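Please keep the structure open as you go.

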Amino acid sequence: LWFALSYVLGGGERYMYSRVMQALLDGLACLFLYGIGRRLWSPGAGLLAAALYAFSPAHVFLANLPVSACLDSFAFLGIAYGLTAMATNIERGKSAVPGGAALALSTAFGAAMNSTAFIMPPAAALAALVLAPFARNARKLFVAIVLAWCAAFAILAPWGFRNLKVNGHFTLTRQTFWQFAWETLGEIPNPWGLALENDGPYWKWTKDHCPAPCPPPVREKTVR
């Protein structure tokens, strides 16, 4: 959908159009950082945070790569802003709905790219629950985060049902979180011989245990 939208807006199939869209998202990420800094400290702190991000060589480089991971920083900062807005609004006696909307939309957007975004809200909710005995509004924040996370779940549900129909497994993200963590935390030895960027053993095992024809639903059931 992301590539399709960039091609429609650009009028052709070129990565440059997607890069322009990613640059615009990174500009919005600067606004997220400004909002976080302003809410937690001061407008000056928000401007400093936004400027540091805007001139960060790593993020400038990443914004030029037309791959799914380049959108993570935007999604994660959107989630962080949503959490900050909810916490500060609850503290000031205001509605948590605007921050919850930012959290839900950013979570759904990020989860479509990788599973880490989908884990961040429940991790924050757990932290709020731990702090509940010591912080006056932590319980309200916990409830607000859970409701926003449920909204993100509802947004992603059609994709989950599509995966259930096609692959026989209800999943909301393109990869499981623990598989992603396993690979990125060092590719420790495992009984299947799997490693990042090397799925050869997986496909060999599948071929040995699921002879052709082996349609996706049968393959997924066999592997599980």
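1. R136 is exposed, with a relative accessible area of 69%, while E91 is partly exposed at 48%. Here buried means under 20% relative accessible area, exposed over 50%, and partly exposed in between, with a 1.4 Å probe and protein chains only. This is a predicted model, in which local features need pLDDT of at least 70, side-chain atom pairs count only at pLDDT 80 or more, and totals for chains, interfaces and linings use all residues. Residues are numbered from 1 along each chain as its sequence is written, and side-chain values use heavy atoms, leaving out hydrogens and water.

2. R136 and E91 form a salt bridge, their closest N and O atoms being 3.3 Å apart. The pair links distant parts of the chain: R136 sits in the loop between α7 (116-131) and α8 (138-167), and E91 in helix α5 (residues 72-91), 45 residues apart. A salt bridge is a side-chain nitrogen of Lys or Arg within 4 Å of a carboxyl oxygen of Asp or Glu. Helices are DSSP runs (H or I, at least four residues), numbered from the N terminus.

3. How many salt bridges does a search of the whole structure find? There are two. D208 and K204 meet in a salt bridge at 3.2 Å, N to O. Both lie in helix α10 (residues 200-209), four residues apart, about one turn of the helix, and both are exposed.

Conventions: Helices (H or I, at least four residues) and strands (E, at least two) are DSSP runs, numbered from the N terminus.
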